[in-house]
Amino acid sequence: MIRVAGLEVGFGHGRRRVHAVQNVSFTVPEGASYGLVGESGSGKTTALRAIAALVPPAAGRIEVDGRQVAARPDRAFRKKVQMVFQDPYGSLHPRHTVDRILREPCRIHGLGDIDGRIGHMLAEVGLGPAFRFRFPHQLSGGQRQRVAIARALILEPRVLLLDEPTSALDVSVQAEILNLLGDLRAARGLTFLFVSHNLAVVAQMCERVAVMMNGRVVEEADAGQLAAGALAHPYARQLLQASRGYDRELARSLVRFE
Amino acid sequence: MTGLRAWLLAEAPRSSFQARAGRAWLAWLALRRNPLALVGLAIVACLVLVALLAPWLATHSPYDQNLEARLLPPSPAHWLGTDELGRDLYSRLVWGSRITLGIVGLVAVIVGPLGLVVGTLAGYAGGWTDAVLMRLTDVFLAFPRLILALAFVAALGPGIENAVIAIAITAWPPYARIARAETITIRGSDFIAAAVVQGASPLRIIRGHVVPLCLSSLIVRLTLDMAGIILTAAGLGFLGLGAQPPMPEWGAMISTGRQYVLDYWWVAAMPGLAIAAVSLGFNLLGDGLRDVLDPRQR
């Protein structure tokens, strides 16, 4: 479903150019869930944004559903690929009601029975009709993220790009949102590309994982290897250890990779 | 009353209209806590009422001359006295409020949208569009406002319509600047990225997502600028380039009263007081609105 080959993304010019993503390649089959993990600044979010055509790639190929992603994609691509952002406090327009937020994508793509769709979608993400005409500031973080998920799914996409969808939420809400995403994926047969810095979350959500460091993929593993802790690259092992919890020994043993 | 309050403050509104009304009600509650802003609102409301009810409020015709009653001091017959042609100053002030309100309204209607369009376009498009539009703005900003307005009126010919056009042409650049600055901060936010991912066109994003967030700071700026607009209009009238006699425009009234200011102070002072009061009213209201509408406080 998603094929990325030799992807490069950079910002800035000349000597101050930052190579955010360097020679990244991976393939996500239809209906699969693929994880991109790495610390802050490892280029995982930038890679995701390049697939969503939010930032232009400098080199390489991105294919979704067998077709190369254009710099200015058409509506069909937009309907097929949707995204959920990290910060639910910044990804909802502060002056739009939930109703307006969900109505807009339907209008853009000329979908029928908008009212029915909105009601149905809200129910599906676990928000009742009482939430329909609220403003984002009247919602909690978890409720906001549910609205963001509803906004992404109301177009009935086949690919969902998830940019750390739970890292801005507190732990109990994280589990709820992850369960919701898992259920929705099973019900709709969605393809997930899941970006996170938390290996435990990715291990729960994804069948296959790529570990990124400084803009490169250093290791690819499947869920079984991850659970067994059978990772080859020292950075990936360190990341795995870090995700299992914090202790003094571990903190002292951490190494910086350049 | 309690039923309406509950409807406005409902936790779970049942329609978009109810949600928006509730929001407006909260803004009004915030404005009500600021007594100075209420004074400003009262003055502006007074101006609007006087302009609407001018035919009933005026005691005399604003144009009828009576040379036997010229330059009379304030008295029960002529509440604010008479001018050099024996016209009743109070009635002229009342009718003049229509002209002032008209100027302010027209300038606002031209300047707000113009600045908004130029600023949001420049800010959202960036690159060449931004450079060209902003240099154009700089050209207008480089001249002192009254001087530029004078030049335009001189070129267009004196008259109240041309004064309005000249003021509008000189007043829009700061609005474009504000709108551009706001747009640039909004452009990078996730909700704009989300709209892009949904396939929204740049026009839709500017109209539906960027403009609503720029609007409040523009409204605040506009109310604060009203005083300046009134003064510029009065200044043009004073210089004989705005309203033409016998129109009861407040600036022009000060201009004619100037010759008699030492012996007959009220001829120039009354319209001067009116200008001062209305300018102050708009300023106070603008200050209050800034506290209520400032997006950083929400």
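Q: Which is Phe17(B), buried or exposed?
A: Relative accessible area is the number to read: under 20% is buried, over 50% is exposed, and anything in between is partly exposed, using a 1.4 Å probe and the protein chains only. Phe17(B) has a relative accessible area of 55%, so this residue is exposed. Trp7(B), at 31%, is partly exposed. This is a predicted model, in which local features need pLDDT of at least 70, side-chain atom pairs count only at pLDDT 80 or more, and totals for chains, interfaces and linings use all residues; side-chain values use heavy atoms, with hydrogens and water left out. Residues are numbered from 1 along each chain as its sequence is written, while chains are lettered from A and ligands numbered from 1 in the order in which they are written.

Q: How many aromatic pairs are there over all chains?
A: Rings of Phe, Tyr and Trp (its six-membered ring) pair if their centres lie within 6.5 Å; planes under 30 degrees apart are stacked, over 60 edge-to-face, and the rest tilted. This rule gives seven aromatic pairs over all chains. For Trp7(B) and Phe17(B), the ring centres are 6.0 Å apart and the planes meet at 45°, so the pair is tilted. This pair links distant parts of the chain, 10 residues apart: Trp7(B) is in helix α1 (residues 2–8) of chain B and Phe17(B) in helix α2 (residues 16–32) of chain B. Tyr260(B), Tyr264(B), Trp265(B) and Trp266(B) form one aromatic cluster.

Q: Which residue lies over the face of Phe131(A)?
A: A charge sits over a ring if NZ of Lys or CZ of Arg is within 6 Å of the ring centre and within 35 degrees of the ring normal. Arg134(A) lies over the face of Phe131(A), at 4.7 Å from the ring centre. Arg185(A) lies over the face of Phe192(A), at 5.7 Å from the ring centre.

Q: How many helices and strands are there in chain A?
A: Helices (H or I, at least four residues) and strands (E, at least two) are DSSP runs, numbered from the N terminus. Chain A has 10 helices and 10 strands. Of its 258 residues, 52% are buried.

Q: What is the phi of Asn23(A)?
A: Phi is about 45°, a positive value although Asn23(A) is not a glycine. Asn23(A) is in strand β2 (residues 18–28) of chain A and is partly exposed at 49% relative accessibility. Asn214(A), also not a glycine, has a positive phi near 50°. Asn214(A) lies in the loop between β9 (208–213) and β10 (216–222) of chain A, and is partly exposed with a relative accessible area of 35%.

Q: Which residues does a cis peptide bond join?
A: Omega is the angle to read: it is about 10° at the cis peptide bond joining Pro245(B) and Pro246(B). Pro246(B) lies in the loop between α10 (202–238) and α11 (250–257) of chain B.

Q: Which residues of chain B does UniProt list for "transmembrane region"?
A: UniProt positions are given in the numbering used here, feature names are shortened, and annotations may be inferred rather than shown by experiment. The unreviewed entry lists residues 36–58, 99–125, 146–172, 218–244 and 264–286 of chain B. Residues 99–125 of chain B are 100% helix and 0% strand, with end C-alpha atoms 39 Å apart. Residues 146–172 of chain B are 89% helix and 0% strand, with end C-alpha atoms 13 Å apart.
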